[in-house]
Structures are given as structure tokens and as C-alpha cells.
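Open the model in your viewer and keep the selection tool at hand. Each stop below names what to select and what to look for.

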Amino acid sequence: MAWDSVPWFTEGGAEHSSEIARVLAYAAFGGAEGIIGAGDLQVRALAAPAAAVNVLPGACAILNRAAGGAYQAYAARLPSADQVPVAATGVSSRSDLVIARIENPNSAGETWPLPSDPKIGPYIHTRIVSNVPPTTTSIRQVRPGDSAITLARIDIPANTSTITQGMVKDLREMGNPRSRRRLYTASPAGDQNWAGNSVGQWVAWPPAAHWSVEVPLWATKARIVLTLAGVQALRSGVWGASAWKLGTRQGQSVQFDTGTTDGSERLHLISADTVTLPAEFRGTVQHLNGMISLDDNNPGTLQADVVTTCIADIEWVEDPYEDET
């Protein structure tokens, strides 16, 4: 089979095919499809819930699944919210998918009707694919040949004509989500002791486990592992919990309990969690602290010293997020 004879880009008045333009889009998206920005194309119930939903503005990449469409993608944009009707249910509940679909009758093998105006289309639509299995998470499961991406599933109870946000399950995926991993380490220059605090109270400890970290503007979540390696329990047993705190968000705590001892021992305290970042964190510098809750009934004392190492492993990630409204 011969080449597509005009590669991108050729001078001299050469005519470039739509297929080659879509190859360029495919390469630009890295062969991926999905939403472009983490907040794009959210499916939201109407402010006054009714038999419809809104798809909020955004942009996306959609792979061409028409015959001969390998290595091709469409780039699409929704500049303003798109309201789409949702049919009421009868005596049975129903699940519907909300999708963005390319309907290009000019692509080989496609049977979509011609748009009202071939110059301006439309060639892309928000569509409701009705009555899918309630476990469906992708249009690929029910219509694998569609050039489309999945935005949400609406699980509608029986005898219902009003769509509320609680019925909408977000199923968006990002085409090329970003991530960035950073490792921070510190060791105390001398002894840093903590003998206990009121039950249930958290304190920032040890002082060495404190970093100012820059949150990427695009990050929507943080996965953080904090390790306090070689912390010493002095004189007798200690019990309590360790965690980390990023700005105002504290991660999951981990309990420790040495039991009663007559001497000292070294502990490795590890806490890990994933937190969703509020919008006001993005693009700012936040403080990350090690946190300790050490019951003041402890007979012993915790000590971080020159052989203690504090390690913070942070992965900033970009996942689709929904507006907190």
C-alpha cells in the first residue's frame, strides 16, 4: 500500500489530508485520549434539578476508531456548558452513560448522517447511551467502535424524572495526566526530645521533619510517605501515633507501641496517605511536618538525634477533579 503522499508539512501548495492532520493530533496527545485539564467536561446536575444534566466547558482528545483510523485522534473543545436531556425512568431503575462522541460521516466506514451545515457541523456531540449495565465504566464496554470518551454514568432510580448530583458517577479520565515525585531528607543536628502531650493532641515533631514544599499548579492530589527512621524510645515504653501534615491537611496516622521496656530501643515510624488538594493549595508553597501524638501517660520519651533520618517521599499527581460545589 502506498504512502499517504503528502506528509505534514509540505510546501508548494500541496494538499494535506484530514488523516495526516489527525496523525499530528495523535502524536501531540501521545496516543492517549481523555480530558485535557483536570476540571474539564464535568457532568453536573442542573442548579434546579430537572430531567437533564449540564456538561461543563473543557477540551478533550478522542481517538479515531473508524476503519483505517489507526494513529489518528480528534481534538475537541466545548467552550460553554452543554445541557442534554435525560429520559425519565419507569417502574425499573436505569443506568445511562454520558459521552462525548465524534460523528464524522466522511470518515471511512462511518454511517453517521450529514450535519445540517458541512462547513460548521456539528461533528461532535454530547450523547446519552441509555440502559447500560449498572457496572459500566466505559463506552468501550457497550459500543467499542465509537470514536468517543466516557464522561459519567447516571444511575437513576425507578419512577424518577429529576436528576440530582448524587446519581452522577464521574468517569472522566485524563489523556496525559502529569506527575512529579520529590524526595526530602533531614537529620537533627542534636537531640530533639518529646515526652508527651494531652491525649488526642497532635504536635509537629521532630523539628527536623519540616519542609517547605512547592505544590505544582496542576496537582490535584498528593501521595506522601513519611519515614522517621531511627527514632529512639528512652528509659521506658512509649505509645502513640505518627502522621504527616501538609498545610491544613493531615494524613492517615499509624499507631506505635513498644510495650514496657527497661532501656531504650530504636523505632522506624512510617505513615502514608493520599490526600486531595484544595484549589487554594495549587501553585503555592505549603509546610509539610511530621506529626506525633504521644500520650502523656507514657513512662518513656521519644528522641530524634544525629542518627535519626527524616524522609518525605511526595508524588504530586493530576487526576480529574470535580468542583467543590
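The tour goes from aromatic pairs to a helix, then to the cores, a loop and the strand pairing. One caution before starting: this is a predicted model.

**Stop 1: aromatic pairs**

The structure contains three aromatic pairs. Select Trp8 and Phe9. Their ring centres are 5.4 Å apart and their planes meet at 75°, so this pair is edge-to-face. The cut-off for that label is an angle over 60 degrees. Now colour by accessibility. Trp8 is partly exposed, at 46% relative accessible area. Phe9 counts as exposed, at 55%.

Next, select Tyr26 and Tyr71. This aromatic pair is also edge-to-face, with 5.5 Å from centre to centre and 85° between the planes. What does the pair link? It ties together distant parts of the chain, 45 residues apart. Tyr26 belongs to helix 1 (residues 18-28), while Tyr71 lies in the loop between strand 4 (58-63) and strand 5 (73-78). Is Tyr71 buried or exposed? Tyr71 is exposed, with a relative accessible area of 57%. Tyr26 is partly exposed, at 22%.

**Stop 2: a charge over a ring**

Jump to Arg282 and Tyr321. The charged end of Arg282 sits over the ring of Tyr321, 4.5 Å from the ring centre.

**Stop 3: helix 1**

Go back to helix 1 and show its side chains. Which of its residues are buried? They are Ile20, Arg22 and Ala25. Then step past the end of the helix. Gly30 follows helix 1, and its phi is positive, near 65°.

**Stop 4**

In soluble globular proteins, nonpolar side chains tend to be buried together. Select Trp211, Leu246, Leu277, Leu288, Ile292, Leu302 and Trp316. These touch the most other members of the largest nonpolar core, which has 34 residues. Strands 14 (210-214), 15 (221-234), 16 (239-246), 19 (265-276), 20 (285-294), 21 (301-304) and 22 (309-317) each give two or more residues to this core. Strand 15 supplies the largest share, six residues.

Now centre on Leu302. Leave aside its neighbours within four places in sequence, and its contacts include Trp194, Trp205, Val231, Phe256, Leu267 and Ile292. Gln192, Asn193 and Gln232 are also among them.

**Stop 5: a loop residue**

Select Leu114, in the loop between strand 7 (94-102) and strand 8 (124-129). Leu114 is exposed, with a relative accessible area of 65%. Which residues does Leu114 contact, leaving aside its neighbours within four places in sequence? The answer is Pro105 and Asn106. Draw a distance from Leu114 to Gly90. The C-alpha atoms are separated by 33 Å, with the two residues 24 apart along the chain.

**Stop 6: strand 22 and its partners**

Finish with strand 22 in cartoon view. Strand 11 (residues 179-186) runs antiparallel to strand 22, and eight bridges join them. Pick Thr185 here: Ile311 in strand 22 stands opposite. Then turn to strand 15. Its pairing with strand 22 is antiparallel too, over nine bridges. Select Lys221 to find its bridge partner in strand 22, Val317.

Methods. Residues numbered from 1 in each chain as written. Predicted model: local features only at pLDDT ≥ 70, side-chain atom pairs only at ≥ 80, totals over all residues. Heavy atoms only, no water. Phe/Tyr/Trp six-rings, centres within 6.5 Å; stacked < 30°, edge-to-face > 60°. Buried < 20%, exposed > 50% of the residue type's maximum accessible area, 1.4 Å probe, protein only. Helix = DSSP H or I, 4+ residues; strand = E, 2+ residues; numbered from the N terminus. Lys NZ or Arg CZ within 6 Å of the ring centre and 35° of its normal. Core = buried A, V, L, I, M, F, W, Y, C linked by side-chain atoms within 4.5 Å. Contact = heavy atoms within 4.5 Å. Pairing = 2+ DSSP bridges.
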